[in-house]
Amino acid sequence: KNGNQIFFNGVCSAEEVLFCRRTMTVLLGAREVEVGDRVQTLAEGHKATVRYVGNVEGANPPEGWVGVEWDAEGRGKHDGEAKGTRYFTCPAGKGSFVRPDAMLAPSVSFQEALVEKYASKEAASAEVSMPFRASGGKKQAINVEFVGNEKEVKRMAKTDQLEVVTLLGLRIATAEQEEGWIKKNATAISSLELDDNLLKDWQAVSDIAAQLPALAVLSLSGNRLHPLTVAPSPSISSAFPALKQLVLNATGVTFAHLELLKGALPMLEDLHMASNNITSLDTSPSAPGAPISGWPSLRGLDLSDNALSTWEGDIDRLGSAFPGLQRLVLNGNKLSSLAFGGGE
C-alpha cells in the first residue's frame, strides 16, 4: 500500500485501481467522510447524503471528491454518472460532486453542541437566533435579545441538571468525543429536540438516547434516518425504555421503517410522522394490507401532510393496530371520503 494506491506485485489491475479510487480517505474537519453520512453546505445550509468518496476522473484535481445526493430536487447536476463513468446512483438532478473542504461544514457531536449552547462563554451572548415556522410552513428566524440572563446562563451551564434541551440545526452527527460524557454530564434530560441535524441512522440516535435514562420526549424532525434492515442491535433495542413521545416529521420514516424498531419503544404513547410522503400504512412491501401490530401503548398518532388516499385498507386498520388510540391527525392527506362501519 502506498498512499491511496494498493499495489499487487507492483501493478494495479483495472479493478484494483477502481477499488483504490473509490475507497480513499477524505476528511471534513477532523472527521473522515463516509458513504451514508449526512452533510450540510457552509453558505446556505443545504443538506445532502454522501453517496461516494474518492477520485473523479477528469476533475482538477482528480482526488478528494465527495459525491452527494441533495435533499432538494433540482439542486444537483446529474444522477451519479460523470463523463461516462458511474460513481453512484441517485434520481436525476439530485447528484453533485463537491470539494468538502471548500463547500461543506464540519459536523459536530451532541457533546460539543450541548456545551456550546449551554455551558460556553458564547452561551452568555445577549443576542440569539430563535427559529419559528411562518404561515405556509417555511422556516424563518428572528434575533431576540435577552436582558439580564446571566443567572439563567449560569444555571444552564450545570448541564447535569438540564431537563429540557433544544439543539436545532447545529449539524449534530455523533454522540460524544469522550466515552461516557453524556451519562455523566447530561443524565437529567427528559425532553430533547434534535431537529434539522445530521443524524444518519438509529445507531447514532441510540448512542445519545441510551445515556439518558429519563428521556421521555424525543424530536428528530428533519433528520433523514436510514431505515433498519436487520433486527436492531442490543444498544438500539434498549436505548428508549422510558420514551413516551417520538417526533419524526420530515424524516422520510414510514411504518415499514419502524417495523423493526417498535420493540425498542415499549412505552411510546405519542407518535408524529407528518410530512414523510407516506402513501400506505403497510409494514412490508411483500405483504400489502397485512395487519399492523405491536403498538399497545400508543394513544396519539399524527399522519398529517402525507400522501394517504384511501380509507379502506389503510386508515381502517388503525383501530385494531392501536387499540388505545385516542387522537388521530390526518390533515393534508388525499382522502376524498371517510368510511365508518361501511358508510361514508
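Val 53 stands opposite Val 66 in S5, and the strands behind that pair, S4 and S5 (residues 65-70), run antiparallel over 6 bridges, where strands are DSSP runs of E with at least two residues, numbered from the N terminus, and two strands count as paired if DSSP finds at least two bridges between them. Before I go on, please keep in mind that this is a predicted model, in which local features need pLDDT of at least 70, side-chain atom pairs count only at pLDDT 80 or more, and totals for chains, interfaces and linings use all residues. Residues are numbered from 1 along each chain as its sequence is written, and side-chain values use heavy atoms, with hydrogens and water left out.

On the other side of the discussion is confidence: pLDDT, the predictor's confidence in each residue from 0 to 100, averages 84 over the chain, and 80% of the residues score at least 70. Over residues 1-21 pLDDT stays under 50, and the model has 21 contacts beyond four places in sequence for them, a contact being heavy atoms within 4.5 Å.

Back to the strands. S4 (residues 47-54) has 7 of its 8 residues buried, with buried meaning under 20% relative accessible area, exposed over 50% and partly exposed in between, for a 1.4 Å probe and protein chains only. S4 also pairs with S3 (residues 38-40), in the antiparallel sense and over 3 bridges, and there Val 39 has Ala 48 of S4 as its bridge partner. The hairpin of S3 and S4 has 6 residues between the strands, and in this hairpin Gly 45 takes a positive phi near 75°.

Taken together, the order S3-S4-S5-S8 describes an open sheet of 4 strands with antiparallel pairing. S3 and S8 are the edge strands, each pairing on one side only.

Which residues does Pro 91 touch, leaving out those up to four places away in sequence? They are Glu 69, His 78 and Asp 79. Pro 91 itself sits in the loop between S7 (85-86) and S8 (95-98), and it counts as partly exposed because its relative accessibility is 43%. Its C-alpha lies 9.4 Å from that of Gly 76, which is 15 residues away in sequence.

Finally, Ser 219, in strand S15 (residues 217-219), has a relative accessibility of 7% and therefore counts as buried. Beyond four places in sequence, Ser 219 touches Leu 192, Glu 193, Leu 194, Asp 195 and Val 247.
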